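Please walk through this structure with me, one part at a time. Keep the sequence and the model in view as you read.

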Protein chains: 2
Amino acid sequence: MLTSINFGSRSLSDYNSIVSPGLLEELHDLAAPLNGLRVNHINATAFGGGVAEILYALAPLMEDIGLDVDWNVLFGRDEYFNVTKAIHNGLQGDERSLNDDEKKIYERYSALNAGGLKGEYDVMVIHDAQPAGIREYAADIADHWVLRIHIDLSAPNTDYLNYLLPMTTDYDAAIFHMQEYVPDDPRLPKPVIMPPAIDALAPKNIAFTPDEARRIVGLFGPDPDRPLMLQVSRFDPWKDPLGVIDAWRLVREQIPGVQLAMVGSMATDDPEGMEFYRRTVAHANGDPDIFIMSNLDNVGAIEVNAFQTHADVVLQKSIREGFGLTVSEALWKGRPIVAGDVGGIPLQVIDGETGYLVDSVEQAAERCVTIITDPVEASQMALRGKEHIRQNFLMPRLLRDYLKLFSDIGAG
Amino acid sequence: MLTSINFGSRSLSDYNSIVSPGLLEELHDLAAPLNGLRVNHINATAFGGGVAEILYALAPLMEDIGLDVDWNVLFGRDEYFNVTKAIHNGLQGDERSLNDDEKKIYERYSALNAGGLKGEYDVMVIHDAQPAGIREYAADIADHWVLRIHIDLSAPNTDYLNYLLPMTTDYDAAIFHMQEYVPDDPRLPKPVIMPPAIDALAPKNIAFTPDEARRIVGLFGPDPDRPLMLQVSRFDPWKDPLGVIDAWRLVREQIPGVQLAMVGSMATDDPEGMEFYRRTVAHANGDPDIFIMSNLDNVGAIEVNAFQTHADVVLQKSIREGFGLTVSEALWKGRPIVAGDVGGIPLQVIDGETGYLVDSVEQAAERCVTIITDPVEASQMALRGKEHIRQNFLMPRLLRDYLKLFSDIGAG
């Protein structure tokens, strides 16, 4: 019933020329005693969102370094996914709690999915709360269970912790992106911090030449010879697309030719997202120098990559943020960045050093003007940013953190 | 309430080196007496699907040649779009008819959208049935109304014709892709045939070099040095993705290294599409030489273009088809094609001359083997196909057909 994901193969040696020789050596040292370790990742979806994206990159690297890796996606019908969506929202503070019927549905599908698990494993890596309940029904199939939490649990509706934490008592560890995401609750398994990472080899991050990038950007409307500001993110109030437009209008007072591109992904089954997209379009008010695009306009990974590679300045003007890996993606392309001082962004952007942190529309505009009018200085800052990402936010570093954890919990 | 779409600008002269000088001359001759003609296109959606795609290409070309063009998208809430979806399905034969409440909803939103129309026009171009009812409430704002039908009306649930045709009595014309799509009903406005067309200047069709294409294809998994079969289409029984996989298996018996890529777009609010996608993945059975991708994997227009440019053979193994413009897209890239003998495909593929028409899995496999084992002959066929598309299925030809129609109905 669970879906086994064919994640293809990937060679860690493709990272040879990208990350430091020291890290690669460390990886091989850590992996040697873990050779053949049977690992199964379980999550809720094969598409969309950061979890699947990370697993498509991480799982084949784990396998390439000698582990025996599976990835299974939960089976469920709408009744179940409605409940897991409520759990997802509640863990991030939504006030509505689960009723008894909903808890029964969660438990029924946890048992069903547990029953569908085949094989024996050394470590189960359970991604987020959706699959957390299956351990109760399948404890025997693995010696070690770790919970990888991809969301911010620092301000949850505690009803959800009260419901879920008793199911996780026997997990070996709970992994969080940042210390700030860890809930203050003694029932939690041992917390471990591992920031997420980007895949430098994926279509969205692979290197394009400036010429390739400018050609693709030009196909989507912007004039590649005039300055371009860019934000890549969902159309969502927390990403402040309206503030991005306001900032661009301020920048234009000083730099008349500047253009703005906003590229986001949207789900047609997300009415709130569609509505906020419409508000963003309305706020742009038909200005021909604003280009608003999404996956629904056939904008895919290569296009996003080209826009990031070509832009004069990349914004991530978030008001609230998960980790904000789009910042790492932009920095990895060596572009100057202006980003909100929230969530995981300050780990990636060291203000004035690897980019600029801002708290307001005016500040964002001012930093954009600085960058566009002094591209040489901006480019030096951006290159420091790229180096910071290379050292801290590429996939081999995340692989190392997992290998260390597997050793630490005695799974080797 | 209606949304006015900013469709940007496009220069017809970009087609100078693509289409024949005779066609460009004809366009300018036809457009001269229509200079300043006020045209408003109305349709149901700004994203996704062929109608919006054509309007993004056609509207700016109409404007560039001297017409004064608007494009408005209907306003509506779910209650309305549920009704228009029923109409869309019913016109293509779905047996469920509208009840009185649903008709009232359709009429209420028709009146509401009519009330939201501003300005005066010479011609309203109404795309498909969703906006067809607004003429009754806004007849005064334009001298001429034409109905552009993008779907096959040859086998409708006649309840829908009985309901809608009285609203279209005073339209000047009803435009269809093909003669075969015209319903046999005397109440229909004067039928006009205009096949659709592709935009050679769009990101999905612009020319890539073989090297660019092979690099992008390689990023998504296939080995660019081994032969590649490709189908680009929705995951839908009528496109026969399971048959494509079966055909590929037969081809592999003779050409062991052959790979298969299937690229489709999916809507997360389309449970049937998602289910059929899953069936397709299950039918592939984890074979590492099958690559199944969609917009949900960040595959956009450039990626599709690259796959079409690189593939050794492009399949469109449809069992039933609207017009099938993906065939024109593949032929425009000079690739050999194997396609089902249905819908608008035989207009594009002249069997043995510009590609191969097939009726079965076995036939499809056989033609693919022929193409892959004799690439020189296949390439000559494909180039004849490209020339056929250049002459018949590029956007300037569709622009000409509209200008002719506007003249014919006396709108000049």
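B:Gly410 takes a positive phi of about 75°. The residue comes just after helix H15 of chain B. Helices and strands here are DSSP runs numbered from the N terminus, with helices being H or I of at least four residues and strands E of at least two. This is a predicted model, in which local features need pLDDT of at least 70, side-chain atom pairs count only at pLDDT 80 or more, and totals for chains, interfaces and linings use all residues. Residues are numbered from 1 along each chain as its sequence is written, chains are lettered from A and ligands numbered from 1 in the order in which they are written, and side-chain values use heavy atoms, with hydrogens and water left out.

Step back into H15(B) itself. The helix covers residues 395-408 and has 14 residues. From first C-alpha to last, H15(B) reaches 20 Å, close to the 20 Å expected at 1.5 Å a residue. The expected span is 1.5 Å times one less than the number of residues. H15(B) is mostly covered, with eleven of its 14 residues buried. Buried means under 20% relative accessible area, exposed means over 50%, and partly exposed lies in between (1.4 Å probe, protein chains only). Among the buried residues of H15(B) are B:Met395, B:Pro396, B:Tyr402 and B:Phe406.

Chain B has another positive phi. B:Asn298 shows one of about 65°, although it is not a glycine. B:Asn298 sits in the loop between strand S10 (290-294) and helix H10 (301-310) of chain B. Is B:Asn298 buried or partly exposed? Its relative accessible area is 29%, so B:Asn298 is partly exposed.

H10(B) leads on to a helix pair. Two packed helices are described by the angle between their axes and the distance between the axes. Helix H7 (residues 210-219) of chain B packs against H10(B) at about 115°, with the axes 8 Å apart. Because of that angle, H7(B) is roughly perpendicular to H10(B). Axes are lines fitted to C-alpha atoms, for helices over the stretch in contact, and angles run from 0 to 180 degrees between N-to-C directions. Angles under 35 degrees count as roughly parallel, over 145 as roughly antiparallel, 65 to 115 as roughly perpendicular, and the rest as oblique. The crossing of H7(B) and H10(B) is left-handed. Left-handed means that the near helix is turned anticlockwise from the far one by less than a right angle; right-handed means clockwise. On the H7(B) side, the contact is made by B:Ala213, B:Arg214, B:Ile216 and B:Val217. H10(B) contributes residues including B:Ile302, B:Ala306 and B:Phe307. Contact means heavy atoms within 4.5 Å.

Now move to chain A. Helix H11 (residues 325-332) and helix H14 (residues 375-392) of chain A pack at about 120°, with axes 8 Å apart. That angle is why H11(A) counts as oblique to H14(A). Their crossing is left-handed. H11(A) makes the contact with A:Ser328, A:Leu331 and A:Trp332. Among the partners on H14(A) are A:Ala382, A:Gly385 and A:Ile389.

Helix H8 of chain A spans residues 241-254. It has 14 residues and reaches 21 Å, close to the 20 Å expected. Its buried residues include A:Leu242, A:Ile245 and A:Trp248. What covers the buried residues of H8(A)? The cover includes strands S8 (228-232) and S9 (259-264), and helices H9 (271-284) and H13 (361-373), of chain A.

A:Leu30 lies in helix H1 (residues 21-31) of chain A and is buried at 16%. A:Leu30 and A:Leu403 are 373 residues apart along the chain, yet their C-alpha atoms are separated by 6.3 Å. Not counting residues up to four places away in sequence, A:Leu30 touches A:Arg400, A:Leu403, A:Lys404 and A:Ser407. A:Leu161 is in helix H6 (residues 158-164) of chain A and is buried at 6%. Its C-alpha is separated by 9.0 Å from that of A:Arg187, 26 residues apart along the chain.

A:Cys368 is buried at 0% relative accessibility, and B:Cys368 is buried at 0%. The whole structure has zero disulfides over all chains, a disulfide being a pair of cysteine sulfur atoms within 2.5 Å.
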